[in-house]
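These notebook entries record what I looked up in the structure. I began with overall figures and then turned to individual elements.

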Amino acid sequence: MGKHPECPPNLCASPSGGHLMAAWARACDDPWVISPAQVRPPLVRTSDERLVAGVCAAVARHLRLDPVIVRGAFVALAFVGVGVLAYALLWVFLPHADSVPIDSTVGDGRGPTAMATSRLSLEALRDKPSLAILLIGVGGAALLTQVGPFGEIQVLWPLIIVGFGLALIWRQVDDRDLLSRRSLRWRLAAGAAVTVVGLVTVLATLNLLEVTWQSFAATLLILGGVGLATAPWWRRLVAERASERRARIRVEERAEVAAHLHDSVLQTLALIQRHADSPREVNRLARGQERELRSWLYGRPGEDTATFGGALERAVADIEASYDVRVQSVIVGDAPVEDGLSAVLQATHEAMRNAARHAGVQDVSLYAEVEDDGVTVFVRDRGVGFDPDSIADDRRGVRYSIVQRMARHGGSARITSAPGTGTEVELRLSQAAS
Amino acid sequence: MSQLRVFLVDDHAMIRSGVRAELGSDPQAGLAVVGEAGTVEDAVRGILETMPDVVLLDVHMPSGGGRAVLDQVRGQAPGVRFLALSVSDAAEDVIGVIRGGARGYVTKTISGADLCDAVSRVAAGDAIFSPRLAGFVLDAFAAGPVAVPEDVAEKALDVLSAREREVMRLLARGYTYREIGQQLFISIKTVETHASNVLRKLQVSNRNELTRWAVDRRIV
């Protein structure tokens, strides 16, 4: 390994020769280097830097130049004629960042420059991409009047309009979810309308409208005839495509169901067979599996822990998994979990745990109602019950986890119980308090 | 007291034999299973032949489910009462069966004694609400126009009266009719009347929320 003549010796003494380039870049203190590991950022276009299609921004990032310089160069070249062509070719051949796994360390590639004023105007342009497109359209048309066959000045403006419309349409191509976004669809429609208006104006200016209309009608007639003649084939083609699609969806669904059944139901059935001598365990497994399968089959859209109802269901599942009880839960209404509601959740969890542990029965009822003015939760069992006045001071579960927690959050807890009649815990939190 | 004649409709033979055993286990209840069917056609034929007092109807079955049985039988056998029995179905099916004329809805995890009780009560003309069905009613008829006076609300189809709401809340909390009566200081008969009124509203109300809620939610 030979020594680099300009390098400080400690860097070149690096044991692995592969890092030589990176070490050199570091040592020479190049202001444009953003990441030492990446010598040059990849030549890809990104949507957030673009004015038109992001070509200039991509080239600028790759060459570590200010985009303004590159853009200026392209505009200058456009008047010679090469610029537009080069831009178009680069647009076609440069991949878009969405389709290339991009190295996250690349950074934005814009170095510190003194061109603050042009940067400012660029920022303004970035917010109004249509304006930028219009400017480029003017430039392109100016070029065309010089080199193109349409020397007359009247054609210039319609051509600008056409270019503007086309640019509007093409610009959307890089966006992934093309037709799924309303704004994109509107922009596409606007682009198409502008293009058509421009074309019609061009034709009208050149007095070609009549001819065009006639040939257009003739073409339409021929196309219609061909279409009618081949209609049966088209129809069959479409039908076949649709049925193929349906079949594929069915196969995929079947595979998904099979995978789910295998992962959950078959496993549980195997476990149940292994625990056949323990009714308690079999019960627990069956209940857990039933709950999971049911939520998979009929899952509520919002069944996640971010909502009160979803979190309650989770708590119920937890209780059923930990104790040999079945919790009959009825939840009316729903709300996002906030501070006060999470206190209610914890108190409810504790109340259910108490019922599961001390009531001595297998059924616990949970009823929760979320209304505009507050939340009410009832946890009830028909078990042994107790005398609430005789709660020993060491029974922290009831005193701290339920009564005092609710009081801290401005709610209330009421425990109704008597030996032999079961227990009901009522938790109440008004919305104003939460 | 004469025996109540019960007909079972469920496409799972195991469930049928289990329910049959549970209904017959308590001689005090006086229930006799007079027939069973596993398909919609068999059920329609069997019910019309035996003319039972109560049909225990599975909500979800191939070729139309419980709703199809109800639609075909109700016109010809108005005296037969239906109780929906379901393991875990989408709410829209359950609401469909209730609106098709079933007098109530219980889950298959119900205990044998409770099931016998529910069958007897349906035979007597009562409405049966499982806690989840009561919760669904509260959800679907969620606080409508508050200003409706009590006597109007009793008759109006699209709103629950305050009392009916109270009864539904207690049902959702797992209270029995007797316990509800004690809690609200009213007779069991009155509780039953409230429940029947709510069932009727659930059956005939054209509140469009009902369908929407049913699609969004599951009951069981």
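**Entry 1. Chain A overall.** I noted that 34% of the 434 residues of chain A count as buried. The model is a predicted one. I looked up the secondary structure of chain A and found 15 helices and 5 strands. Among contacts in chain A with a separation of 6 or more, 63% join residues 24 or more positions apart. I recorded an accessible surface of about 25,700 Å² for chain A, with 62% of it belonging to carbon and sulfur atoms.

**Entry 2. A nonpolar patch on chain A.** I found a nonpolar surface patch of about 460 Å² made by A:Leu85, A:Leu89, A:Val92 and A:Phe93. A:Leu85 lies in helix α5 of chain A, residues 82-93. I noted A:Leu85 as exposed because its relative accessibility is 53%, where the cut-off for exposed is over 50%.

**Entry 3. Helix α1 of chain B.** I looked up helix α1 of chain B, residues 13-25, and found that its 13 residues reach 18 Å from first C-alpha to last, close to the 18 Å expected. Which residues of α1(B) are buried? I listed B:Arg16, B:Val19 and B:Leu23. They lie on the same side of α1(B), because they cover an arc of only 70° around the axis. The face turned away from that buried side carries the exposed residues B:Met14, B:Gly24 and B:Ser25. I recorded that the cover over the buried residues of α1(B) includes strands β1, β2, β3 and β4 and helix α5 of chain B.

**Entry 4. Helix α9 of chain B.** In α9(B), residues 177-184, I found B:Tyr177, B:Glu179, B:Ile180, B:Gly181 and B:Leu184 buried. These buried residues pack against β3 (374-381) of chain A, together with α5, β6, α8 and α10 of chain B. B:Phe185 follows α9(B) and has a positive phi, near 60°. I also noted a network of salt bridges that links B:Glu179 with A:Arg380, A:Arg382, A:Glu424 and B:Arg173.

**Entry 5. Salt bridges within helices of chain B.** I counted 22 salt bridges over all chains. In one of them, B:Arg121 and B:Asp117 have their closest N and O atoms 2.8 Å apart. These two residues are separated by about one helical turn, because they are 4 residues apart in helix α5 of chain B. B:Asp117 is partly exposed, with a relative accessible area of 37%. I looked up B:Arg45 and B:Asp42 as well, and found 3.3 Å between the closest N and O atoms of their salt bridge. They are 3 residues apart in helix α2 of chain B, and therefore about one helical turn separates them.

Key: Residues numbered from 1 in each chain as written. Chains lettered and ligands numbered in written order. Predicted model: local features only at pLDDT ≥ 70, side-chain atom pairs only at ≥ 80, totals over all residues. Heavy atoms only, no water. Buried < 20%, exposed > 50% of the residue type's maximum accessible area, 1.4 Å probe, protein only. Contact = heavy atoms within 4.5 Å. Areas by Shrake-Rupley, 256 points an atom, 1.4 Å probe, with all protein chains shown as cover. Expected span 1.5 Å × (residues − 1). Arc of directions from axis to C-beta. Patch = residues over 30% accessible without salt bridge, like charges linked within 9 Å, V, L, I, M, F, W, Y side chains within 5 Å. Salt bridge = Lys/Arg side-chain N within 4 Å of Asp/Glu carboxyl O.
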